Amino acid sequence: MAVAVPTPPDGSKLEEGQATQFSTLSPGQRAAGTFKRFGLFLATLVITFVGLTAITFFIGRFIPVDPVLAVVGDHANHDVYEKTRLAMGLDRSIPVQYLLYLKKVLSGDLGESVMTSKPVLSDLLAFFPATFELATLATIIGVLVGVPVGVWAGASKGRWPDHLVRVIGLFGYSTPVFWMGLVALFIFYGKLGWVGGTGRLDVGYDDIVSPVTGVLLIDSAMQGQWEIFRNALSHLILPGLILAYFSLAYIARMTRSFMIEQLSQEYVTAALVKGRSFWGAVWHHAFPNIMVPLITVIGLSYASLLEGAVLTETVFAWPGLGRYITQSLFNADMNAVLGGTLVVGAVFIGINAFSDFLYKVVDPRLRNS
Amino acid sequence: MSATAQSESLRQWLESDAPQSRRQAVYGNVWRGFLAFVKNPAALAGLIIIGFLIFVAAAAPLLSFGHSPYEQDLTHRLAAPNVTHWFGTDELGRDIFSRVVYGARVTLTIVFLVSVVVAPIGLAVGTLAGFLGGAVDVVLMRITDIFLAFPRLVLALAFAAALGPGIENAVIAISLTAWPPYARIARAETATIAKSDFISAVTLQGASTARILLKHIVPLCLSSVIVRLTLDMAGIILTAAGLGFLGLGAQPPTAEWGAMVSAGREVILDQWWVATVPGIAIFIVSLGFNLLGDGLRDVFDPKSSS
């Protein structure tokens, strides 16, 4: 990731080795800059979200399925059909229809699911905790393993830890996640019996823990149901580890390149010359400087896991958003598919934009530019 | 002149610092790129894998040794790998080896179709935005940014669901979400190229915008676009396989690797080979494109190699 070279306010180029001037602006001016940036962030977010709704609207409007028939059924007579068509606003012009759709979406109305005959939004809220649990566990593992491994690789450029990270990355970018899930299920559940199978719990444990947060590990721990906690963990660990691998591969690779960039800077050489140990310089001088871009990378990785969970959830019959979307697909339940796409898309866009914004606000070099 | 002396002089001609003609300069560049590329064993391995994929796709009828990828044999369904069926048989008794071999054709088709759709869209949007600038630039790049911000798999899923299952629709769905990075690359390249003296020269000679874009700018953007396309190809193959796995890609009885993995899902605990073998094929081909892409990037764009 390229970081723009900071330029002093008078527009002159910084000479090599010249100290970067950070605080030429008064605190008030800086706050105004952050405020402006926040405004820009919000505007970008709104435009992107409007674009997303335009696409879901477009898909929903032009699918070969007749939206009226989906509501009234095949056997409705002509009068009922016409009435419903008018009630749905399908006689209006396309832009007006889009505005009506936008109004509905903004008021939280994503239509009703044909599959569950409940409002799509309440379905999505019910399915969300399972995905959240999975993606969060995967990201935690990805960060705990990926960051140290990436730092290690960056600090040993050209030696075996560096090659190891490259190989981990290559495998991560080349392996179909759904296939890896199946093979892992075959080995660790089928052959070795180390973990629970598909789903979130064994059949006998269903519905014992009353949902509070929807995150089974938290709910069962709160209610002292440790047997269920263990069972839930044994089901969670395999899909969690598989998603964690992809997160780890990405985080380690990015950490590595940030680290290489920082270690080539003069302040590191200065610290070494003054007698700092190599790993002391790595962890105490270089590492604090890569933390900001790392936050962005972790944010991006988390967002992509929410999306990447679609295939993993399908393989592990994990009742989350991804499985909800694919199940709805098979049932031609377009309201649910588009609602799910919209919600996953909005969360994805939100996290991405926020990590990007955070990056620009926290990094002092970009703050004043 | 002996053969060695001849090849020696050819080498000198290629490696000359002062090419006498445009042709010599072009060939020299290609030759130097080739030398750098061959020095990189990973990239070479990638090239060999892709070459092998193309060979398998072309020679599929020969390589399947008399087995048809579609012929069902219900008395021998789910047979373990053996002498007649090297990779065993699937739930309908079809030979998995020949299905994997024919699957190479499907994968290559998807790779080819996505490339011919995505590259022109990206080039058109990017070069127009970069060359015309102003309001056109702002609008086109804003649209690009919006598409770039979307979750690709979920959106491809929604598109494929709306368009109906099938390879063509999967290609359209993937392309609709895959073009934005190319527009960005093309725009960045165009913005620099447009400032060059030779563009001013052709403008003064009265060349039209279309001519400048097509004859002078697009060819110069092409190498970056191709490198990026190779790097993205693994992701595209994985997305296509994912759509196939969900039943939104190629339809039965087409031998598509993702769909084959999906078919083996039900029997993974007892007949592991049905799902495992096509998955390995997907992995190898993706790996090949990743290795090749990394190598091409190092050769053509030394700046971005990390």
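## Contacts and burial in chain A

In chain A, 72% of the contacts between residues at least 6 apart in sequence join residues at least 24 apart; two residues are in contact if their C-beta atoms, placed from the backbone, lie within 7 Å. Of the 369 residues in chain A, 37% are buried. A buried residue has 20 or more other C-beta atoms within 10 Å of its own, an exposed one 12 or fewer, and a partly exposed one falls in between, again with C-beta atoms placed from the backbone.

## About the model

This is a predicted model, where local features need pLDDT of at least 70, side-chain atom pairs count only at pLDDT 80 or more, and totals for chains, interfaces and linings use all residues. Residues are numbered from 1 along each chain as its sequence is written, while chains are lettered from A and ligands numbered from 1 in the order in which they are written.

## Helices

Chain A has 14 helices and zero strands. Both are DSSP runs numbered from the N terminus: helices are H or I with at least four residues, strands E with at least two.

Most residues other than glycine have a negative phi, and most peptide bonds are trans. Take a look at A:S117, where phi is positive, near 45°. A:S117 sits in the loop between helix 4 (94-106) and helix 5 (120-155), and is exposed because it has 8 C-beta neighbours inside 10 Å.

A:A317 also has a positive phi near 45°, in the loop between helix 11 (278-315) and helix 12 (321-330) of chain A. With 14 other C-beta atoms within 10 Å, A:A317 is partly exposed. Over in chain B, a cis peptide bond with omega of about 5° joins B:P252 and B:P253; B:P253 lies in the loop between helix 11 (209-245) and helix 12 (257-264) of that chain.
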